[in-house]
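Student: Could we look at this protein together and talk through what its atoms show?

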Amino acid sequence: MLFRSERTLADVVVIDSQRIRDSVGSSLAELLRSSAGVEISQNGGAGAITGLFVRGTKTAQTVVLVDGVRIEDPVSGLAPIEFLPISAIERIEVVRGPAAALYGSGAIGGVIQIFTRESQGMIRPEASVVGGSRGTGQVQARISGGTNESRYMLAAMRDTTRGFDATREGSGNRQVDEDGHRQTSFTGLLSHRLSRDLQLGAQLLSSSGRSRYDSAFGAPTETFVDFRTQVASLFARARVGSAWDTEFRVGNSAYHYSYGEYSFAPRTDADSIGWQNTYAVRDTVKLLFGSDHRRQRIDGMGIVSGGEPFTQTRRTHQSAYGGFEVERDIHQFRVVTRNDRVTGFDGETTALAAWGIRPTPGWLVRASAGSAFRVPNFQDMFSPLSWNPNPNLRPERSVGQELAIERNAADRYARAIMFRNRIRDAIELDADYKPQNLAKATVMGVTAEAGIRLGDWRLRSSLTRQQPVGEKLEGGVLVEGPLARRAKAFGTAGAEWKSGPWRSGVDVIAQGSRFDTTGQGLGGYALVDLWGSRQITPEVAFTWRLANLTDRHYETAWGFRSPPRTAPSKSFRSSRRRPTRARSPTTGRLCWEIGRAHV
């Protein structure tokens, strides 16, 4: 099920645990495409380089958090979402629109918050087995439990697939082989409530494996990337008196990867400290304030050894923010401002202002405006001279506006959201593959969403129409063109049926035509996914999914096939409870780069 918070003044979509379980066999990116109004690009199947486009912005302009800790490759500025196991996720919240006033550098297009699985109550061991076409399989074991005071969870997962031939004829990366993927993941949670007002805890997500891909530079040698990602944190949540809620979190995120045919093996990690607070001055007035500190480091072969080193391998982000929320009669206001200081750059101040009115129960009209920024990544500024870095790059800066009207009832919802985001000093590669600050990019559009429950059926739909365009100087002339890999129209529709122990559904995903980063055309497509489940006993369930029912051939990145029809995936879950004891454009087209990832 998809739902939205009724009290928020932002465009927030929540993907709950049931919807995630129904997406068995899909990737995180595919789930976001079908459920959160996000466009994606994939250089093949499982484990392939993946891009996300939230509200028409590029991949590096979206922040990804796992249990409150940012995960990012500082070299490219991208989050390695292709290596985050969907089976470890309990809930996803997607904030669409500028949010740097709350989340700092990078939150130009939005924020994706991922929450790993938790547990409470009786001891609950679980196991699941998934099988499918092309040698796809997953085995998962999990144990969880707890009391009112303590909770724990530990899970291990193993994912494998033989994959498919990811490139097609004409691709510069053509290799005739199957591009398989294997991955082992662990998640953990331990928390204890010392008193009614103080809770301590720790969370962990770790994933490692090997993903094969196609590269002309490696032919005829088999090409692959070995990877390891990890997000870990310690937290303390407290209520001070009757009005002050505070959380303190210390975290670390690491992303290490190496290529079998290249002397390039970055080891990146970031330490973070976050403190966030809500103080209720009175029932209708709340103060919001906090601070963040993050230190990024890059190391390894190709970074500090094995050739020309990067000229800078450390960076520190320091920030503080404050604001307030006010509810008065039918009106609600929120104002937040933030100052970020990043090594090598002047301080950046961002702000967010939002207003909403609820004229009658169930109705909400809201408007907001916010600024955001993103500092250039290490690769663009500090890579070896042979890579054409640009140490004079300025941060990307944006200003966005939003106007929405929403209607929420027990059995239906409808909303229309108009948005505009103008990005200055956008970073793109020129004809020599050197990153440059260009004139601007602008995305304007409208999203319409609706859902209704009719007896045993739930129906939902979402459609976005947008104009993602950019401007750049070519020979002293300002040229305008489309932003790469983003369509003027895309949307989804879904139907879900439930009766007794049976559940089934259908999802339709469609995207219009686009251009790739060097001007090649990408045709539009429409996909149909079927899924269903049968609760055999309270402890045992059977789930299946048939993706790309019509075996549609399509591309989200030029020269790379997307996954063909996937035969019915089967998921067997058993649980038992017992009580606990306690590039530059061609043919005149301007197509903006999404960022150089893993090259």
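Tutor: Gladly! First, a cavity is a set of grid points where a 1.4 Å probe fits but cannot get out, and its lining residues have an atom within 4 Å of a point. Keep in mind that this is a predicted model.

Student: Which residues lie nearest the centre of the largest cavity?

Tutor: The largest cavity holds about 150 Å³ of space. Its lining is made of 18 residues. Among the elements giving two or more residues to that lining is strand E17 (285-301). Nearest the centre lie Glu72, Gly77, Ser105, Arg374 and Val375.

Student: How many residues of that lining are nonpolar, polar and charged?

Tutor: Gly counts as polar here, while Glu and Arg count as charged and Val as nonpolar. Sorted that way, the lining of the largest cavity has six nonpolar, seven polar and five charged residues.

Student: Why is the pair of phenylalanine 83 and tyrosine 255 tilted?

Tutor: Two rings pair if their centres lie within 6.5 Å, and planes under 30 degrees apart count as stacked, over 60 as edge-to-face and the rest as tilted. The centres of phenylalanine 83 and tyrosine 255 are 6.3 Å apart, and their planes meet at 50°, so the pair is tilted.

Student: And are tyrosine 213 and tyrosine 259 stacked, edge-to-face or tilted?

Tutor: Their ring centres are 5.7 Å apart. Tyrosine 213 lies in strand E13 (residues 198-213) and tyrosine 259 in strand E15, so the pair ties together parts 46 residues apart in sequence. With 85° between the planes, the pair is edge-to-face.

Student: Which residue lies over the face of phenylalanine 224?

Tutor: Look for a charge at 3.7 Å from the ring centre. The residue there is arginine 210.

How values were computed. Residues are numbered from 1 along each chain as its sequence is written. This is a predicted model: local features need pLDDT of at least 70, side-chain atom pairs count only at pLDDT 80 or more; totals for chains, interfaces and linings use all residues. Side-chain values use heavy atoms; hydrogens and water are left out. On a 1 Å grid over the protein atoms alone, a cavity is a set of points where a 1.4 Å probe fits but cannot get out, and a pocket is an open set with protein on both sides within 12 Å along at least five of seven lines; lining residues have an atom within 4 Å of a point. Grid points are joined across faces, edges and corners, and a volume is the space filled by probe spheres set on the points. Helices (H or I, at least four residues) and strands (E, at least two) are DSSP runs, numbered from the N terminus. Rings of Phe, Tyr and Trp (its six-membered ring) pair if their centres lie within 6.5 Å; planes under 30 degrees apart count as stacked, over 60 as edge-to-face and the rest as tilted. A charge sits over a ring if NZ of Lys or CZ of Arg is within 6 Å of the ring centre and within 35 degrees of the ring normal.
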